[in-house]
Structures are given as C-alpha cells and as structure tokens.
Amino acid sequence: MNKYFQKKIECASGKTLRKIQDEKLVKQVQHVWDDVPYYRKKMEAAGLTPDDIQSVDDLHKLPFLSKADLREAYPYGLLGKPLKDCVRIQSTSGTTGKRVVAFYTQHDIDLWEECCARAIVAAGGTKEDVCQVSYGYGLFTGGPGLNGGSHKVGCLTIPTSSGNTDRQIMFIKDLSATILCCTPSYAAYIGETMKEMGLTPEEIPLKAGIFGAEAWSEEMRHDIEKTMGIKAYDIYGLTELSGPGVSFECSEQSGMHVNEDHFIAEIIDPETGEVLPDGTMGELVFTSLDKEAFPLLRYRTRDICSLTHKKCSCGRTFVKMTRPRGRTDDMLIIRGVNVFPSQIETVLLNQGYPANYQIIVDRVNNTDTLDVHVEMTQEMFTDNIGEISTRQKELEDGLKSMLGIKAHVSLVAPKSIARSEGKAVRVIDNRKI
Ligand code: DLL
C-alpha cells in the first residue's frame, strides 16, 4: 500500500501543481526584488523587472545563480529576511572554498521538515516506527533535517548522529530501530560490521533505509539491501536549498520525486545554459518557491541527472529526477575523457567487489594516469599472485569498456581502505595539488 504524508499535494493534478508554482513564483520574484539587493542588481543587469515574470513559462528569462554568487555574497548578501526573523543557519563543509551559510526562518524549517517527513512516509514510515538518524548533526543538514522529519511523522527518533558504529548497532538492536538514515557509504560500513558480528538480515530489525548526500549506484543499493534485509531509498538535497528532502524516492525506487510545490527543477546544458527536455542528462537547476530567508532562483547545483514526467505507480505526480551520476565538478577529465567515479563503482560492484575503493589520478610525463585501488573481500583474499593478477586484469578490462580509457587496478587487502561515517572521499586528484 502506498502512503503519503500530504496526499493532497503529493498526488495533485499537473494543472493544480502548475497553478501553485505560477502563483508562488510571482510572489518569490517580488520578494527577491524587494528584499535582496544582490538579486535585484542581477535582474536589472538582465533588463528584468518583476512584471516580466508572470508564470513558470517566464522562468527561463531569469539569470542563473551559482556557487560563485554565493561566495561573493557571503555571508549576508542573499539574505531575504532581517536577521531577527531568522532562527537558524546550516552550512556546508566548505572543502572546495568558502562555506555556504544558509539561513532559515521558522517557516523555512517547518517546510523543510515536512519535505523530510514526506520522504520518511514514502519509505514506509509511520508513527509506529523507530527512526535512527545516523547522519551527522550540527552544521551539516542531514541530521537536523531527517530528525525534524521523523518528529513530524511521529516516529520514535534516535538521534545517534554519525560515528561510533558499535553503538549504532547496539541501538538498532536494543531499541528495534526500523528505519535507518545515513549516507550510503556509512550504511555499507554499518552493514559490513553487522555481518562481521554474525548478524543475519533476519536478526536485524530494520525494514528501510533513507540514504543520500552522496552519489551511489544501483549495485550498492542491492548490496546494502541484501546485507541488512531492508529496502533502501534514495534522498537528495543540498544546503543551499534547505537540505535533504528536496527530492525523495518512493516504493518504485526508480528516481526521486521533487517536492514541486516548493521547488521548480530544470535541466540545462552546463555549457550553454539552454533548458533541456525530459530524459536528457544535464545540470540540475532549482528555484525555491517558498524560502523566506535564503530564496534562491535558478540555482545551478552542478549535479548531473535527467528529469521525467512519466506516471509513477506510487500515485505521486511530482516530477522525478534520476539519481545524480556525479557533479560537474566531480567529473574527472582523464586524457580528455570524462570519467565519473560512479561509473567506476558500477564496474567494481558488478564484478563482486565491495564499494571500498579509492581513485588516484596523477600526471606523469605530461600524461594523466588513473589508478584504482580496490579492496578484496575476505573470501577473495589470497597470496596467489597469479590469481590476483587475473582478477586485476578482469577489472581493468571492465573499466576499459565502461570508460573507454585504460585504468590501472591494484587489489588491496580487506579493510585496508579507510571507512567513511559521512560522505566518502573516493578521489585523490594529485594533479590539483
Ligand atoms: O548532502 C544534504 C543531504 C543530507 C541530502 C542528507 C541527502 C541526505 P550538502 O552537504 O550541501 O547537502 O551537499 C549537497 O550532495 O549537490 C549532491 O552533489 C550531493 N548529494 C546529495 N544527495 C545526493 C544523492 C546534503 N541522493 C550535494 N545522490 C548535492 C547523489 C547527492 N548526490
């Protein structure tokens, strides 16, 4: 049976949704024009006034906003409300430059938590459930977002945050947690540890997982589902737009429904900015329709995916986005060829390896090199050199046919690659150092 947190809106007709978006967009454009001088200047530079935006059909006229704008406007330049009306900030880790600091009014937080509640209910959550939130808490949006969503659904919430894996497993067992929320790489690690403890899927009380915040593959989903005996749902979001819950997966597990009453999604050609049709891969762009404190219009996420309006068996009418295959800034260009870490992961998992790997890119004698360190499972582990080199060759062949370029594979001992409790760091690009 399909369940909804807010059925009326989640299953609204296309016409109703469109009307909501038209009305909210007009209001939001007026809001940024009146209250965000940075945005007003951008609109003026594009020769626009709020009158030019009468409906979603006019969205394409608005200028894009990018991470560079956020950096330039840091920290208050994009604020849409006086600070006295804001109640919280969240922030990104800032590994690639200045942190993004996003501001929230209480209204913004309520809507964000509702989005997360929709995701939890779509994963089968009810007030009978025990929801363990193992995303990091604090400045990162994962913990606070899912925590708030879990409260709204009425689940008993266990706010473990990330880390201390033995304690995570203890709570799952002792308090019979039924839903686990964390990054997919941490879920894989928790699953691996459970297996080592001798726990079978039948002995694990979990029934569902809500995993996101980083790119992961279908193969990784199957592995986690098998180890824990659960159904694993994807969830997407970014700090700039609120956090997790911008989109979420339903029982069909084939892409994530965008909460279209709050966000308009577009796919553009990252080079030209041209809006692309359904089914075409490109850069995801979002317009937030109700954010008061940090309203972003046509924000370029740098995530690569496509959209589909195909009817979904769950009954929701929201457009679906495919799982992001990576980010434009994640994409490695190796000897002129575009390579996404997710493509490498697919080959590894298809050949029975765990998702514990590291990609090392370097430049030697002016030529890019691609080395992939892959962990063997305990069952594969051997000191038979011949067997290892046969395996390495098989992986190199698989990578060649997936990527079109040669990669060098090194098989390494089980447990020799560091595990992640949050977002995994898979790529070391020495060319940038
Ligand atoms: O990662 C918000 C989040 C928390 C989403 C918990 C889901 C669950 P940021 O730290 O700002 O926010 O990072 C946002 O992470 O632009 C994507 O590149 C990536 N990302 C988020 N969810 C997914 C996903 C949170 N399901 C950036 N699949 C985004 C692939 C994802 N990438």
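Domain bounds here come from an automatic or database domain assignment. On that basis the chain is divided into domain 1 (1-327) and domain 2 (332-429), and the centres of the two, taken over C-alpha atoms, are 30 Å apart. Welcome to this predicted model, in which local features need pLDDT of at least 70, side-chain atom pairs count only at pLDDT 80 or more, and totals for chains, interfaces and linings use all residues. Residues are numbered from 1 along each chain as its sequence is written, and side-chain values use heavy atoms, with hydrogens and water left out.

**The chain as a whole**

- The chain holds eleven helices and 20 strands; these are DSSP runs numbered from the N terminus, with helices being H or I of at least four residues and strands E of at least two.
- A compact globule of 433 residues would have a radius of gyration near 22 Å, and the chain agrees with its 22 Å (taken over C-alpha atoms; the globule rule is 2.2 Å times the number of residues to the power 0.38).
- Along the principal axes, the C-alpha atoms fill a box of roughly 75 × 55 × 40 Å.
- Of the 433 residues, 55% count as buried, meaning under 20% relative accessible area with a 1.4 Å probe and protein chains only.

**Where the domains meet**

- Contact means heavy atoms within 4.5 Å, and 22 residues of domain 1 are in contact with 17 residues of domain 2.

**The second largest pocket**

- About 850 Å³ of space lies in this pocket (an open set of points on a 1 Å grid over the protein atoms alone, with protein on both sides within 12 Å along at least five of seven lines; the volume is the space filled by probe spheres set on the points, which are joined across faces, edges and corners).
- It is lined by 32 residues, with Glu-192, Lys-195, Thr-227, Pro-354 and Thr-377 closest to its centre; a lining residue has an atom within 4 Å of a point.
- Domain 1 and domain 2 each give at least three residues to the lining of the second largest pocket.
- Helix 9 (218-228) is one of the helices that supply at least two lining residues, and its seven residues are the largest share.

**A look at Ile-235**

- Ile-235 sits in strand 7 (residues 231-238) and counts as buried because its relative accessibility is 4%.
- Beyond its neighbours within four places in sequence, Ile-235 is in contact with residues including Ala-119, Tyr-135, Phe-211 and Met-256.
- Glu-225 is ten residues from Ile-235 in sequence and 16 Å away in space, C-alpha to C-alpha.

Definitions and conventions
1 Å grid on protein atoms, 1.4 Å probe; cavity = no way out; pocket = protein on both sides within 12 Å on 5 of 7 lines; lining within 4 Å. Buried < 20%, exposed > 50% of the residue type's maximum accessible area, 1.4 Å probe, protein only.
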